Amino acid sequence: MVCYKVDQLPPNNAAIYERARESMTCIDEVVVPPRDGRCFEARAGQFFRITSVDGPQVGDLNLWNAEDLGERFFSGKTRQLHASHVSTGDRLWSSLPGLRPLATITHDTLDWYGWDRDGGGVHDVIGTRCDPYTNHLLSGVDYEHCCHSNLTRALVAHTGLPAHEAERHIHDVLNVFMCTGFTHDTHQYFMKASPVRPGDFIEFFAEIDLLGALSACPGGDCGSSHSDDSTPCYPLQVEIFEPAEGTLDGWHTASASGYRGNHGL
Ligand SMILES: [Zn+2]
């Protein structure tokens with residue numbers, strides 16, 4: 001049986017998002033350079049869109065409650081509530097004790113991909129992010145532009161936090177545009193070249209005030225290698241959209257879990 005009764009999840013306001021999307025206008029833009037990271041902000045009720053530009057490129061996304069970095073994207077619970085890969089209508093849930101939708105996916109131009117013969121799909125919440133520690137463990141090389149480091153530098157630049165504090169806020173990502181799965185025989189995490197092409201995008205609705213960070217992975221399309229400078233890499237674009245006034249009537253910002261937090265104590 002499926003572990004969670006996901007048909008009991010609160011409804012995702014699809015009709016409201018569709019109405020609001022028709023009127024929305026772009027109010028801000030951030031370009032993430034290749035092998036680097038940038039932060040962006042989206043207020044509750046705004047949309048943000050991540051677009052491939054110039055060439056096929058995978059992105060690693062972190063999200064936080066803009067008022068409290070302690071509440072952040074919970075990839076493991078998102079995987080349990082939705083699936084190993086996410087698309088339109090799925091939500092990105094926050095860490096405990098918040099456990100609320102941070103964002104809802106409102107459009108995905110790669111939804112046609114589905115599942116391939118190897119069991120691969122796009123936009124996974126099963127991988128973590130490439131990081132210099134694992135790279136050092138496996139290769140003995142210090143590489144400074146892994147997604148973990150790119151996200152750390154982005155958060156330092158945006159918040160002014162010291163690097164060692166900012167690093168603690170970096171968490172398991174949504175692997176935007178990445179094509180991954182588990183091998184049939186050994187159940188190991190695999191990646192293959194992403195089908196993303198310039199113009200493809202994934203779009204989200206911000207359910208609370210959000211701080212985001214996006215890394216343009218040094219793996220590029222993740223078809224060959226990562227954690228090095230050998231793969232062609234391209235920028236990613238993040239756009240923030242504001243819907244017209246009145247189009248969100250009936251929508252309310254997400255509230256934190258109603259659990260009292262006693263833990264039997
Ligand atoms: Zn990466």
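In strand β7, P101 stands opposite W93. This is a predicted model, in which local features need pLDDT of at least 70 and side-chain atom pairs count only at pLDDT 80 or more, while totals for chains, interfaces and linings use all residues. Residues are numbered from 1 along each chain as its sequence is written. Helices (H or I, at least four residues) and strands (E, at least two) are DSSP runs, numbered from the N terminus.

Strand β6 (residues 91-93) pairs with β7 in the antiparallel sense over three bridges; two strands pair if DSSP finds at least two bridges between them. β7 is also joined to strand β11 (residues 201-206) by five bridges, again antiparallel, and I202 in β11 is the bridge partner of D108.

Strand β7 (residues 101-108) is largely enclosed by the rest of the structure, because seven of its eight residues are buried. A residue is buried if 20 or more other C-beta atoms lie within 10 Å of its own, exposed if 12 or fewer, and partly exposed in between, with C-beta atoms placed from the backbone.

## Helix α4

Helix α4 (residues 147-159) has 13 residues and spans 18 Å from its first C-alpha to its last, close to the expected 18 Å, which is 1.5 Å times one less than the number of residues. Its buried residues include H148, L151 and L155. The buried residues of α4 pack against elements including β2 (37-42), α3 (132-139) and β12 (210-216). G160, which follows α4, has a positive phi near 80 degrees.

## The segment before α1

L9 lies in the segment before α1 (14-23). L9 counts as partly exposed because it has 13 C-beta neighbours inside 10 Å.

Definitions and conventions
Two residues are in contact if their C-beta atoms, placed from the backbone, lie within 7 Å.
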